[in-house]
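Please look over the sequence and the fold shown here before reading on. The report is meant for a reader who meets this structure for the first time.

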Amino acid sequence: MQINFQKLPLALKPFILSLFLSLSFLAFLSLQTPRHSLHKTTAKSTVLPSNLRIRPGYSSYDAYIEHQLNKTLNPKLRQIWTTRDWNRKVRVFSEFFENLKVRCFLSNDSKSLCVGARVGQEVAALKRVGVNDSVGIDLVPYPPLVIKGDFHHQPFDDNIFDLEFSNVFDHALYPWTFVGEIERTLKPGGICVLHVSLSGRTDKYSANDLYSVGPLKELFKVSELVEMRRIDGFGLDTEVVFRKKKK
């Protein structure tokens with residue numbers, strides 16, 4: 001149906017014009033708003049291992065991302081992470097990485113990735129212990145230590161890294177994809193180190209609950225568990241080390 005603008009009553013013309021402009025602007029905004037499209041392997045349904053539970057409550061992947069960003073972009077938290085927390089966390093991470101070097105899982109020549117690194121304390125720690133070819137990814141970049149990247153769809157080619165470290169497994173909405181992306185970007189023979197909580201004591205931003213190491217052994221399809229130990233790592237109690245199988 002066509003509207004003859006010239007024949008409309010004079011009093012209605014400003015209203016119709018305003019309505020038209022408003023709808024046009026909303027249409028423009030809808031085209032400009034970024035959407036987080038799911039990687040095909042991310043959205044794929046899967047049978048979860050026992051002792052791993054996905055927390056309900058997300059209507060879409062965008063809703064999940066928005067919830068995670070509420071923490072990541074919190075100005076008070078970012079101020080804490082980059083000031084009073086910085087030295088303490090870099091020191092503790094440095095101790096963990098020095099221990100990995102002693103156990104021959106890490107060397108100064110290891111090309112390393114920290115997954116879900118926020119402001120990059122773990123990246124700074126790697127560089128402090130001599131692993132200079134290190135970088136982190138997070139939804140919000142923090143240059144030069146952390147670049148933008150979603151751990152459900154890492155922005156890297158296959159077989160890139162010698163070591164990948166993460167202490168945010170509990171934040172993965174799709175743990176099978178989180179692990180699959182680590183295995184994809186690790187070199188054959190590469191090492192993945194995860195710090196996880198098996199006690200169920202995680203925060204409101206966690207997207208899954210892990211109750212044993214068993215589910216991790218099932219999720220890592222082309223890697224083998226080589227070590228596990230108890231730790232005290234900022235609320236996380238277990239360190240697991242996987243090695244990607246060589247072809």
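## Basis of the report

The model described here is a predicted one, and the descriptions that follow should be read with that in mind.

## Salt bridges around aspartate 209

The count of salt bridges in this model comes to 14. One of them joins aspartate 209 to arginine 53, with the closest N and O atoms 2.6 Å apart. This pair links distant parts of the chain, since aspartate 209 belongs to strand 7 (residues 208-210) and arginine 53 to strand 1 (residues 52-54), 156 residues apart. The two partners can also be described by their accessibility: aspartate 209 is buried, at a relative accessible area of 4%, whereas arginine 53 is partly exposed, at 39%.

Aspartate 209 also forms a salt bridge with arginine 55, and here the closest N and O atoms are 2.8 Å apart. Again the pair links distant parts of the chain, with arginine 55 in the loop between strand 1 and helix 3 (61-72) and aspartate 209 in strand 7, 154 residues apart. Arginine 55 has a relative accessible area of 19%, and because buried means under 20%, arginine 55 counts as buried.

## Other salt bridges

A further salt bridge is formed by aspartate 158 and arginine 184, whose closest N and O atoms are 2.8 Å apart. Aspartate 158 lies in the loop between strand 4 (146-148) and strand 5 (161-166), while arginine 184 lies in helix 7 (residues 175-185), so the pair ties together parts that are 26 residues apart in sequence. Aspartate 158 is partly exposed, with a relative accessible area of 44%, and arginine 184 is partly exposed as well, with a value of 23%.

Elsewhere, salt bridges link Arg103, Glu227, Arg229 and Glu239 in a network.

## Glutamine 121

Glutamine 121 is found in helix 6 (residues 121-128), and it is buried, with a relative accessible area of 5%. Its side chain reaches the backbone oxygen of tryptophan 81 at 3.1 Å. Leaving aside residues up to four places away in sequence, glutamine 121 touches Trp81, Asp85, Trp86, Lys89, Val90 and Phe93.

## The buried side of helix 3

Helix 3 is made of twelve residues and spans 16 Å from its first C-alpha to its last, which is close to the 16 Å expected at 1.5 Å a residue. Within helix 3, the residues Tyr61, Tyr64, Ile65, Gln68, Lys71 and Thr72 are buried. They cover an arc of only 115° around the axis, and therefore lie on the same side of helix 3. The buried residues of this helix pack against helix 4 (75-82) and against strand 3 (134-138).

## Strand 5 and its partners

Strand 5 is largely enclosed by the rest of the structure, because five of its six residues are buried. With strand 2 (residues 112-115), strand 5 pairs in the parallel sense over four bridges, and valine 115 stands opposite serine 166 in strand 5.

Strand 5 also pairs with strand 6 (residues 186-196), in the parallel sense and over five bridges. In this pairing, phenylalanine 165 stands opposite valine 193 in strand 6.

Conventions
Residues are numbered from 1 along each chain as its sequence is written. This is a predicted model: local features need pLDDT of at least 70, side-chain atom pairs count only at pLDDT 80 or more; totals for chains, interfaces and linings use all residues. Side-chain values use heavy atoms; hydrogens and water are left out. A salt bridge is a side-chain nitrogen of Lys or Arg within 4 Å of a carboxyl oxygen of Asp or Glu. Helices (H or I, at least four residues) and strands (E, at least two) are DSSP runs, numbered from the N terminus. Buried means under 20% relative accessible area, exposed over 50%, partly exposed in between (1.4 Å probe, protein chains only). A polar contact is a pair of N or O atoms within 3.5 Å; within protein, one must be able to donate a hydrogen and the other to accept it, and residues adjacent in sequence count only if both atoms are side-chain atoms. Contact means heavy atoms within 4.5 Å. The expected span of a helix is 1.5 Å times one less than its number of residues. The arc is that of the directions from the helix axis to the C-beta atoms. Two strands pair if DSSP finds at least two bridges between them.
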